Amino acid sequence: MTSQTTIKTTGPGDQAPVAPSDATPAKGLRGHPWFTLITVAVGVMMVALDGTIVAIANPAIQKDLGATFAEVQWITNGYFLALAVALITAGKLGDRFGHRQTFLIGVVGFAAASGAIGLSSSIAAVVTFRVFQGLFGALLMPAALGLLRATFPAEKLNMAIGIWGMVIGASTAGGPILGGVLVEHVNWQSVFFINVPVGILAVVLGVVILLDHRAEKAPRSFDILGIVLLSAAMFSLVWALIKAPEWGWGDDKTWLFIVGSVVGFALFAFWETRVKEPLIPLALFRSVPLSAGVVLMVLMAIAFMGGLFFVTFYLQNVHGMSPIDAGLHLLPLTGMMIVGSPLAGAMITKFGPRVPLAGGMALTAIAMYGMSTLATDTGSGIMSVWFALLGLGLAPVMVGATEVIVGNAPMELSGVAGGLQQAAMQIGGSLGTAVLGAVMASKVDSDLAGNWTSAGLPPLTAAQEAQASEAVQVGVAPLAPGTPDAIAAKITDVAHDTFISGMSLASLVAAGVAVVAVFVAFLTKRGENAEAGAGAAHI
């Protein structure tokens with residue numbers, strides 16, 4: 001790709017098109033590779049922080065706005081769905097209109113949406129602006145990688161992407177701590193307000209430093225119908241999974257959305273074979289290793305994101321931890337992802353992706369099984385072991401994804417493959433939250449009444465039981481004002497035990513998903529164009 005794709009560089013004094021590998025590093029600020037890296041890292045840091053910082057804020061948002069369990073799920077689902085669906089389209093927008101402009105628009109939009117969330121007084125507004133965050137984040141991320149790809153010489157590009165990845169890892173690891181400090185000492189709104197000054201800094205740096213880079217053969221059209229079909233199919237699937245516990249899995253409405261999602265995916269696949277410039281060229285999936293890599297990313301994200309969703313409620317509502325303490329308890333997970341990433345990279349380079357990826361998913365399965373054994377009185381040391389093991393297991397999958405997916409894609413489709421890798425992880429995260437959330441809700445609904453009666457508590461009406469179930473699904477005891485201490489203690493025990501049973505089942509399902517991913521990992525292999533594709537994927 002480096003030798004075939006030319007880049008048109010525009011800025012003060014237009015230059016002739018040059019290949020990225022032949023680019024001469026700029027001596028001034030504008031277009032300087034390392035200053036460009038700093039600039040895009042500041043912008044991407046906002047998106048990375050939101051991946052974990054919002055999870056810490058979810059319990060506070062749920063309590064302050066009186067949100068239901070399903071509504072809290074949509075704080076995560078809305079963001080990830082918007083991000084996943086828009087990533088590939090956003091990459092094409094950058095190719096056509098320039099990565100600099102796309103990056104700046106993404107930063108401004110993401111920061112503005114963050115500020116709007118902080119000013120929101122309803123859960124509907126929070127979810128709506130989270131969707132906008134996802135859309136603008138999708139503009140920002142591929143553009144950042146495109147700028148690095150076009151700015152750095154080929155021999156230094158891997159180092160730049162490695163540093164960029166470390167910024168994402170550090171931001172992810174710091175999210176729970178920063179989120180805990182802000183939620184505990186300020187408010188949950190500050191978790192979103194913090195993106196505003198960071199966004200302003202990124203915009204100022206971008207205007208001064210970033211140089212526009214555009215592919216000479218930019219796309220001339222966009223697969224609008226493909227975007228609509230994929231969005232509708234994904235929405236129908238996740239909505240059905242979230243609403244099934246409320247409607248019932250045998251309800252007509254549940255199956256209407258499930259069938260609608262299947263039809264949507266089928267129409268999307270059919271349309272992609274007919275459109276001139278498809279959103280996702282289906283020819284990519286003729287490669288078994290590439291397809292396995294995409295499936296692996298989805299399965300990994302289902303287990304990881306879905307499992308992590310419940311952990312914050314477990315730490316804060318069951319163990320009674322402060323947001324800061326909850327963030328500290330999650331640090332072994334994200335910290336081991338950072339520590340494990342370079343080790344995983346060395347193993348993949350030496351042995352190829354199959355064994356490290358399969359081993360990583362095996363560790364993930366063990367960690368999720370361990371998390372299924374957590375109880376109301378589990379100590380911090382045991383929790384940290386399982387969290388750290390989970391982070392260590394996830395690292396090889398995160399590191400090896402580019403080589404497996406992009407390296408097995410044809411050179412002319414490597415950019416789309418790079419977007420597909422990111423989209424697969426976002427879709428998997430959204431599905432994980434929905435699927436495991438449905439498992440949790442169903443288990444709580446089936447166990448709560450029996451546990452309530454066994455504790456000798458007064459019987460509940462159907463309406464009271466429904467309200468109690470919603471509270472228990474997030475680990476909260478449904479206590480009415482003025483409840484005597486003895487009765488309150490029994491209700492709390494029932495609520496926490498029922499929550500633990502639901503979380504345990506959800507963790508076991510996540511472990512099963514990880515086991516399936518172990519076998520999928522053995523279908524992967526290093527692509528012939530792995531090194532070239534890793535750089536080309538960001539153009």
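Author: Quick ground rules: the model is predicted, so local features need pLDDT of at least 70 and side-chain atom pairs count only at pLDDT 80 or more, while totals for chains, interfaces and linings use all residues. Residues are numbered from 1 along each chain as its sequence is written, and side-chain values use heavy atoms, with hydrogens and water left out.

Reader: Where is the kink in α2 centred?

Author: On Leu87, at about 45°. The bend there is the angle between axes fitted to the seven residues ending at a residue and the seven starting there.

Reader: Why is α2 called largely enclosed?

Author: Buried means under 20% relative accessible area with a 1.4 Å probe, protein chains only (exposed is over 50%, partly exposed in between). In α2, 25 of the 29 residues are buried, so the rest of the structure largely encloses this helix.

Reader: And what makes Ser114 buried?

Author: Its relative accessible area is 0%, so Ser114 is buried. Ser114 belongs to helix α3, residues 99–118. Leaving aside neighbours within four places in sequence, Ser114 is in contact (heavy atoms within 4.5 Å) with Gln133, Phe192 and Asn195.

Terms used:
Helices (H or I, at least four residues) and strands (E, at least two) are DSSP runs, numbered from the N terminus.
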